[in-house]
Amino acid sequence: MYDFFSQFCGRTYNPEEADFFYLPIVRDAEYRMAMENRGPRARAPSMTEQALLNIMEKNNSEMWNSVFQYTDKYWHRRQGGDHLIVMPAPVTNLRHESSQRGYFHYMSHLHRPIFMGVEYSIQFVKDYPICATKKNIVVPYPTTDPDLFNGKLLNVQTERKFLLYYAGGMHGDCIETRRAMMVLMRNSTKLNGVIPRVRNGLAEREHGFLAATFCPIPIGDSPSSKRMYDVLNFGCIPVVLSDDLVWAFSDQTGGSMNHGDFAIQMPQSVVQFASTRSLRVYADRKDDFGVLPVSKLRLYDLLEKAQQSGVEYENGQYINPLVHILRQVPREDIDHLQQFGKIAAKNYRFYAMNVSMSDIPTAKHVLPDGGAMGQIADLLTQKKMFGIDKLSAECQYERKELKHTYQARYTCDNDKVDSLIANRKG
């Protein structure tokens, strides 16, 4: 983001002409340097962060003037409403408190500046629709691997003839979902055409993305993950198993893309439990289980059809409900999802494809020229057209005057009784 705004052709050095003010703050670097010291104040706000906190929360610009060595005149012009603050990670804020999840790290984004971050939850967006989708911008997790942009990672000779692929760590509040995915990957190796013969490690995961039609995206430390955008670059259809996940630049977050055109979303619990349990829980809200984009088939009905067949095992291995569902997705839906997945991948890349790229672009301060930058520019233009002052005022009304339910943790299903793992299935 620094490379884009510092080299942007529309940049002006006359603050009177500026529509927006980008604050070139490398917050994550400051935080990681502090953590290396492991001292008692390792998690304390840096001078930069404290200056921002003081001016946002207390309207006190004393530290702003001393730390930034720049006038506070243009902040006070709109109380920071035209200032852009980039947040580097989903589970951190300007104070870096540990072991906090849910809304905790999103709440600072309700102040007047325009925050650009990689994540909100569905429930947060519902509670604060103006702040989350009109004032702020959800951006994709960035990828800076030059071998993606020069095409080397995509030139692997792999035929896409397997059903699904997943490789990931065991972490997060909802660890049962990831544990169930790992068991599925291990126990499905004898199922016909389900798991590609790829070493189940992060170093080989690109080969898996290229060999599979579907790539599950389970919840981890937070609802979103970098994987959700990575798999699109390799033509693999994201299957979201994270109930609170939202996509950047999509209809979920104030953008133009329909997330249902390039991704499948179903309850994260589907991979953890037997079909009978999922069918019982969603019997009165079948559409909430997910609907395919072209055929309009309900995923609930696909699972029910598989359950009615009575087939639970194949070659001595248990067939997970997720496998049952994905095996029945019609070709017309797969083609549609892959077609729009290509469009989404282009819109989510910070750099355009370039066969000459050989170095990590951020190390060389290459100007980001990918579709993501076009999406960000369009969203900023929309804010200007709507009116910065109006947006800021509406967000503050939403924040202070309306009643909200604070969500301290992401939704997890920790039912051990019906768990496939507890019952030694997978």
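## Terms and model

Two strands pair if DSSP finds at least two bridges between them. Strands (E, at least two residues) and helices (H or I, at least four) are DSSP runs, numbered from the N terminus.

This is a predicted model, with residues numbered from 1 along each chain as its sequence is written. Local features need pLDDT of at least 70, side-chain atom pairs count only at pLDDT 80 or more, totals for chains, interfaces and linings use all residues, and side-chain values use heavy atoms, leaving out hydrogens and water.

Strand 2 (residues 83-86) runs parallel to strand 3 (residues 114-117), and 3 bridges join them. Here Leu84 stands opposite Ile114 of strand 3.

Strand 6 (residues 212-218) is mostly covered. Of its 7 residues, 7 are buried (under 20% relative accessible area; exposed is over 50%, partly exposed in between; 1.4 Å probe, protein chains only).

Strand 6 pairs with strand 5 (residues 162-164) in the parallel sense, over 2 bridges. Phe162 faces Ala212 of strand 6 there. Strand 6 also pairs with strand 7 (residues 237-241), again parallel, over 5 bridges. Cys215 has Pro238 in strand 7 as its bridge partner.

## The crossover

Strand 6, helix 11 (residues 227-233) and strand 7 make a β-α-β unit. The unit is right-handed: with the strands pointing away from the viewer, the path from the first strand over the helix to the second runs clockwise.
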